[in-house]
Amino acid sequence: MATMKDIARLAGVSTSTVSHVINKTRFVSEEISERVNSAAKELNYAPSALARSLKMNRTRTIGMLVTTSTNPFFGEVVKGVERSCYHQNYNLILCNTEGDTERMRASIDTLLQKRVDGLILMCSTLEGEKLDIFDQYPTIPVVVMDWGPIHFESDKIQDNSYLGGYLATKHLIECGHREIGCITGPLNRHQALMRYEGYKKALKEYSLRLNPDWIIESDFECDGGAKSLEILMSRGALPSSLFVCNDMMAMGAINIAHDKGVKVPEELSIIGYDDIHIAKYMTPALTTIHQPKYRLGKAAVETLLAKIDKTTEVPDVVQLEPTLVVRNSVKSVL
């Protein structure tokens with residue numbers, strides 16, 4: 001493999017001159033630059049990313065950890081991260097944790113040993129974990145996405161789930177529903193709890209009774225939504241509407257409703273949360289709360305790069321606001 005010394009020898013210039021031409025770090029005359037570039041082309045010279053990263057103390061690489069899930073929500077966020085990295089001329093290394101604490105710790109250790117410039121963590125199933133490994137790398141910038149309480153210093157990018165839960169329930173109320181149930185996510189996870197709290201706030205604001213028989217805690221997965229609706233049906237009469245706290249569970253609930261002969265939205269109105277890409281292609285098309293997933297990913301990269309470039313020092317919380325998307329799964333009963 002050709003080196004700068006080889007180019008310098010062929011072009012008849014010093015190694016430092018070759019370096020300035022290749023890295024564009026100082027003005028070099030057009031005639032000498034042309035000789036250097038011609039020599040580099042003749043020798044098939046390719047700059048060493050490793051050598052450059054050691055010299056600049058930066059690899060232009062970001063590591064990202066994601067909890068593996070069948071939920072397309074994660075893929076849509078990662079798309080925002082990856083595209084933003086590309087536009088900023090950064091590389092992205094993506095690791096799945098499979099919801100396993102030890103695998104997460106091992107992945108973080110591997111990424112830090114590979115000298116990534118910063119980390120993005122989106123592992124909400126591991127909420128509340130204390131990660132001692134960051135004590136060994138106190139200067140590494142970290143951005144956490146869609147996560148609750150954490151025990152290490154980082155910036156946070158999150159959706160306002162409390163407002164989202166409130167907006168979903170308020171929409172059902174404004175459509176005339178007074179019997180409103182809720183299929184929640186795992187309530188030990190911050191975002192799930194906040195959506196449920198938003199639901200309760202709307203009921204209280206409109207003086208509607210919370211019926212515990214219409215509340216069930218689930219797991220944010222399709223199967224969980226399906227099983228939850230079956231359990232609600234086994235308890236007796238269904239409410240006229242349900243706030244299902246993510247689109248995947250809503251998909252499972254709609255599927256079971258169809259199997260059991262319950263018409264959506266004629267007999268049961270359903271509103272979801274996330275606005276994943278396939279939500280508008282469901283039957284009926286799902287009314288839902290839109291999370292700005294691409295912007296979540298973009299904001300995570302921008303926030304991390306601000307820390308890497310030291311344009312900000314104090315840990316920041318970036319909160320993006322959800323919006324209502326009205327489609328066909330909620331019936332007006334006014």
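Analyst: Start with burial in helix α8. Ser161, Gly164, Gly165, Tyr166, Ala168, Thr169, His171, Leu172 and Ile173 of α8 are buried (under 20% relative accessible area; over 50% is exposed, and partly exposed lies in between, with a 1.4 Å probe and protein chains only). This is a predicted model, where local features need pLDDT of at least 70, side-chain atom pairs count only at pLDDT 80 or more, and totals for chains, interfaces and linings use all residues. Residues are numbered from 1 along each chain as its sequence is written, and side-chain values use heavy atoms, with hydrogens and water left out.

Now the helix itself. α8 has 14 residues. Helices are DSSP runs (H or I, at least four residues), strands likewise (E, at least two), both numbered from the N terminus. From first C-alpha to last, α8 reaches 20 Å, close to the 20 Å expected at 1.5 Å a residue. That expected span is 1.5 Å times one less than the number of residues. Just after α8, Gly176 takes a positive phi of about 100 degrees.

Next, the partner. Two packed helices are described by the angle between their axes and the distance between the axes. Helix α8 (residues 161–174) packs on helix α9 (residues 190–205) at an angle of about 40 degrees, with the axes 6 Å apart. That makes α8 oblique to α9. Axes are lines fitted to C-alpha atoms, for helices over the stretch in contact, and angles run from 0 to 180 degrees between N-to-C directions. Under 35 degrees counts as roughly parallel, over 145 as roughly antiparallel, 65 to 115 as roughly perpendicular, and the rest as oblique. α8 passes α9 in a right-handed crossing (the near helix is turned clockwise from the far one by less than a right angle; anticlockwise is left-handed).

Then the contact (heavy atoms within 4.5 Å). On the α8 side are Ser161, Tyr162, Gly165, Tyr166, Thr169, Lys170 and Ile173. They meet Gln191, Met194, Arg195, Glu197, Gly198, Tyr199, Lys201, Ala202, Leu203 and Glu205 in α9. The residues of this contact divide into seven nonpolar, five polar and five charged. Here Ala, Val, Leu, Ile, Met, Phe, Trp, Tyr, Cys and Pro count as nonpolar, Asp, Glu, Lys and Arg as charged, and the others, Gly among them, as polar.

Ile183 is buried, with a relative accessible area of 0%.
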